Amino acid sequence: MGEPQDPSVDALGGGSGIGRACCQVLAREGAQVVVADINLQAAKHTLTLLPGGQQHVAVAMDVRERRSVEDAMKLAQDQCGAPPSLLVNSAGVAITVPMLETDDDTWQKIIDVNLTGSFLVTQAFATSLLENGKDSKGAIVNIASILGKTGHTNKSAYTASKGGVISLTKTCAAELASRGIRVNCLLPAVIDTPMSATSSKEILENFKRLTPLGRPGCPEEVAEVVAFLLSERSSYMVGACVEVTGGYGM
Ligand SMILES: NC(=O)c1ccc[n+]([C@@H]2O[C@H](COP(=O)([O-])OP(=O)(O)OC[C@H]3O[C@@H](n4cnc5c(N)ncnc54)[C@H](O)[C@@H]3O)[C@@H](O)[C@H]2O)c1
């Protein structure tokens, strides 16, 4: 990136896939990283992959639960000596099931993690940063999905949750920009992670056929754009939805 990063970043869902790659790229750029995940073991494993290992921390956080989010945010603040000033909301779950067969529990679980989680974490992060002083500057990147824009068969809860993340991003961006916190979101298509590995061969082949680049993305290709959106190099970007899709769904 060629520019020093703000010293502390909180990465949600940092135990796997895109979140883990964000931790690696941001640590490489000089950030002190708080790796947060519901799976503490996975978050701790991410720590072992980061350059400058000692300064980074792993915390357990269930983004569905306000108490868990607030406790983890406080722990991160205590460990780092100040609230994190950069945030990546990457925790997420997906399911493929026809809309007519989607039961209440399935619907609620996807909305709770992907949408309510993004709200709870953003609120706790912004509150602690603003309480730290009115000169505190920060940036947030929400990992939504291109499917939040296009929709997709058999993914009603997932696409609705990601459409919600897109509009949540814009509203938070509008409310927080004047207070020094920029909020943007990123819309990936198929990225090679444990999440996409659960998709059927047929679904993956179909995505490939509709993707001009003709291949899935790597987590690092998403993380590089996240690092840009968190850096001062994107200082005039607010409420943007940046597509990282190999051309799918443009
Ligand atoms: N991989 C893709 O093709 C793709 C495409 C578009 C968008 N996305 C989005 O990118 C984000 C990251 O996905 P990924 O592919 O890296 O998935 P992944 O499954 O590899 O990682 C998701 C991480 O979220 C964590 N998590 C799940 N529930 C949680 C909870 N309640 N609290 C805290 N952490 C929780 C998991 O433990 C895991 O470490 C997700 O929001 C996903 O919807 C992924």
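## Overall build

Of the 250 residues in the protein, 51% are buried, where buried means under 20% relative accessible area, exposed means over 50% and partly exposed lies in between (1.4 Å probe, protein chains only). This is a predicted model, in which local features need pLDDT of at least 70 and side-chain atom pairs count only at pLDDT 80 or more, while totals for chains, interfaces and linings use all residues. Residues are numbered from 1 along each chain as its sequence is written, and side-chain values use heavy atoms, with hydrogens and water left out.

The protein has 8 helices and 7 strands; these are DSSP runs numbered from the N terminus, with helices being H or I of at least four residues and strands being E of at least two. Its radius of gyration is 17 Å, close to the 18 Å that the globule rule gives for 250 residues, so the protein is as compact as a globular protein of that length. That radius is taken over C-alpha atoms, and the globule rule is 2.2 Å times the number of residues to the power 0.38. Along the principal axes, the C-alpha atoms fill a box of roughly 50 × 40 × 35 Å.

## Contacts and surface

Among contacts with a separation of 6 or more, 72% are between residues 24 or more positions apart. A contact here means heavy atoms within 4.5 Å. The accessible surface comes to about 11600 Å², and 53% of it belongs to carbon and sulfur atoms. These areas come from the Shrake-Rupley method with a 1.4 Å probe; for residues, only the protein chains shown count as cover.

Helix H1 covers residues 17-28. Its 12 residues should span 16 Å at 1.5 Å a residue, and its end C-alpha atoms are 17 Å apart, which agrees. The expected span is 1.5 Å times one less than the number of residues. H1 is mostly covered, with 10 of its 12 residues buried; among them are Ile-18, Arg-20, Cys-22, Cys-23 and Leu-26. After H1 comes Gly-30, with a positive phi near 105°.

Helix H4 (residues 104-131) has 28 residues and reaches 38 Å from its first C-alpha to its last, close to the expected 40 Å. H4 has a kink of about 40° centred on Asp-112. The bend at a residue is the angle between axes fitted to the seven residues ending there and the seven starting there. Gly-133, which follows H4, has a positive phi near 145°.

## Around helix H6

Most residues other than glycine have a negative phi. Asn-154 is not a glycine, yet its phi is positive, about 65°. Asn-154 sits in the loop between helix H5 (147-150) and H6, and is partly exposed at 36% relative accessibility.

Ser-167 lies within helix H6 (residues 156-176) and is partly exposed, with a relative accessible area of 41%. The C-alpha atoms of Ser-167 and Gly-239 are 8.9 Å apart, although 72 residues separate them along the chain.

## The aromatic pair

Rings of Phe, Tyr and Trp (its six-membered ring) pair if their centres lie within 6.5 Å; planes under 30 degrees apart count as stacked, over 60 as edge-to-face and the rest as tilted. By this rule there is 1 aromatic pair. The rings of Phe-207 and Tyr-248 have centres 4.8 Å apart and planes at 50°, so the pair is tilted. Phe-207 is in helix H7 (residues 201-209) and Tyr-248 in the segment after strand E7 (241-244), so the pair links distant parts of the chain, 41 residues apart. Phe-207 is buried at 8% relative accessibility, and Tyr-248 is buried at 9%.
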